[in-house]
Amino acid sequence: MRRRLAMMPASKRSGAVLTVASLLALLLLMMAVNLRQALPAATWWQAVANPEPEDLRQLLFHYSLLPRVALSLLVGAGLGLAGLLFQQVLRNPLAEPATLGIATGAQLGVTVATLWMLPGGEAAQQWMAMAGALGIGVLVFGLSWGKQMSPITLLLAGLVLSFYCAAVNQLLVLFNHEQLQNLFLWSSGMLNQQDWSRVAFLLPRLLACFALALLLLRPLTLLGLDDGVARNLGLGLVLARLTTLGVAIFLSAQLVNVAGIIGFVGLFAPLLARMLGARRVWQRLWLAPLLGALLLGLTDQTVLWLTRVWREVPTGAVTALIGAPLLLWLLPRLRTTHQPALVPSGDINATAPRWGRWLLAGIMLLLGALAIALMLGKGAQGWQWSRGEELAQLLPWRWPRAVAALTAGMMLAMAGTLIQKLTANPMGSPEVLGISAGAATGVILLLFLIPGDTSAWQLPAGSAGAALTLLVMITIASRGGFSTQRMLLAGIALSTAFSTVLTLLLASGDPRMSGVITWISGSTYGVESAQAINIAGVALVLALMVPLCQRWLRILPLGSVTAQALGVAVTPVRLLILLLASVLTAMATLTVGPLSFVGLMAPHLARMLGFSRVIPQLCCSALIGGILMLLADWAGRMILFPNQVPAGLLATFIGAPYFIYLLRKHTH
């Protein structure tokens, strides 16, 4: 280590030594405090070497606390190594198992193995985690392979595929809540141990991956260069990338298998190593795992201390809640490359003549979709078209759900159009940018913090959560000229933080959360006639307010200087549009939950039809969004009859592949 440190500049070397020493000292201090609380120091050696079978404290010390310390260090080192490998091969400082969707894919594999109790026990769980991680990895890297591993494509693909895997997980949990409830706690990153088996499982695999990384030292160094330079120096780019990615994906799957999803350690350990002066790959190859081990070890010891003074919190949740604000703080300081427009300019500038005819056609399609949702259904005798008295009996059950789904889809579509126009970001939507998750978090916190009937406060709470999310995201992105990359990465950070809060609440065991799971999935099950009328009334009022913003929405994409020259008060106008989009998102989220891609799909489909002017695009988007959500709700009622799939989840299953298609087609 001395020789390696000697290769660094003196100032950086002293900073690295001081940082490592400080983290190590804090870790040892917290370990001493926690271990002394568990067992007197005089009996530590006996508890380590040969614990007394009759002494429960010594058994817990030997079989629970010590394995937990060892596992936290190993997982932290593994995350640091995996993050370094991903960042080096992809030349992307924000790549890690969590942001690339690899960890979520492995989690889905473990969920499937747990639910169906596949033969093979632990071995089957390992293989399923590996299969999930590998499947997501192939999709993510396959999307960006022909685009020189574009950072924006990688992160967006990872984000959306994480949403997709989360939707599948929620669907499985929805139908198997009791069996999979503990999975919520595990997926938050639990390091509780009962023996040394997981340490014995992970240690040889971590050492093998580290040895492979050492063997790949020269290819890793060359992969950090331009492709042409690396090829001229004799590197086989495809083989080197595939080998390195294979090692990183394998290691990520093993880490998820033993500890669940622990985010941001794999992001910050390599980044901190670089900030401390480790410029060369071989320097970061030992410093990043060391820092990862110290960071996660210190975090876990802090969690153990919190367990005594407050309550038990998953270690992964703590790293996410700390890491998300750190990522938001880092975003303005990261160098981001210029990203071309994500849609062709021809699509943006095109206009559809005689858009009134298209609007009429959309209304006819909407009426047809309403007829299907209200009259066509599956019963004990199969499919049937209800009429007369039978329809009269079914309408009180069907029309509130149809109206709720229709209005929610229209509101999400209008909110998505407002956000895309406001930010000049064609990939922006309430779902992708975390605004829906912010609204859901506001509502759920209201349910937990205020007892009794909170229905009157749900819309203000959801609107506040959505507005705060959008405000934070725009504040961060504005420092880089509203760059697409910064906005989407801010959305990733905010979504991660909100998802962690929701996971903690879901894992709490509170009986209220069983109904929240259904709502989060995007269900219209509980909508009654009075509620449907209220939702439609609010949607109508908000829809009438949207056209008042058309002049601002035409001018703001031209830039702040131009807008001010034309007499627009940029900051107040942006805040007003932000508030309107937030209320639309919150109202839709209250109805169908935060999971859906209607807010992204509808504006894009309207633009593909040639509607780029403000009012035509808003009208067309609203019609498309309403039809999509209406049909999703109808299909959710019928596809697994008599079981029902929530409309929001079904829309996600349709919307995520569509987003990937757009990403593949339009990202340069």
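Predicted model: local features only at pLDDT ≥ 70, side-chain atom pairs only at ≥ 80, totals over all residues.
Let's start with helix 23, which runs over residues 529-545. Its 17 residues reach 25 Å from first C-alpha to last, close to the 24 Å expected at 1.5 Å a residue. Look for Ala532, Ile535, Ala539 and Leu542, which are the buried ones here. Down the axis of helix 23, the buried residues fall within an arc of 95°, so they line one face. As for partners, the buried residues of helix 23 pack against helix 18 (388-423) and helix 26 (570-592).

Leaving aside residues up to four places away in sequence, Leu584 touches Met411, Met414, Ala415, Leu418, Leu542 and Val546. Leu584 is also one of the residues that touch the most other members of the largest nonpolar core, which has 175 residues. Others in that group include Val75, Phe86, Leu90 and Phe597. Helix 4 (residues 56-90) gives the most to this core, contributing 17 residues. Apart from it sits another core of 11 residues, with Leu366, Leu374, Ile627 and Trp634 among them.

Now over to helix 5, residues 102-116. At 1.5 Å a residue its 15 residues should span 21 Å, and the end C-alpha atoms are 22 Å apart, which agrees. Helix 5 is mostly covered, with 12 of the 15 residues buried; among them are Ile102, Gly105, Gln107, Gly109 and Leu115.

Finally, the rings. The structure holds 5 aromatic pairs. One of these, Trp44 with Phe61, is stacked, at 6.2 Å centre to centre with 25° between the planes. Trp44 belongs to helix 3 (residues 44-49) and Phe61 to helix 4, 17 residues apart. Trp44 is partly exposed at 22% relative accessible area, while Phe61, at 2%, counts as buried. A further pair, Tyr164 and Phe653, is edge-to-face: 5.5 Å centre to centre and 65° between the planes. Tyr164 lies in helix 7 (residues 151-175) and Phe653 in helix 29 (residues 647-666), so this pair ties together parts 489 residues apart in sequence. Tyr164 counts as partly exposed at 28% relative accessibility, whereas Phe653 counts as buried at 18%.

Terms used:
Residues numbered from 1 in each chain as written. Heavy atoms only, no water. Helix = DSSP H or I, 4+ residues; strand = E, 2+ residues; numbered from the N terminus. Expected span 1.5 Å × (residues − 1). Buried < 20%, exposed > 50% of the residue type's maximum accessible area, 1.4 Å probe, protein only. Arc of directions from axis to C-beta. Contact = heavy atoms within 4.5 Å. Core = buried A, V, L, I, M, F, W, Y, C linked by side-chain atoms within 4.5 Å. Phe/Tyr/Trp six-rings, centres within 6.5 Å; stacked < 30°, edge-to-face > 60°.
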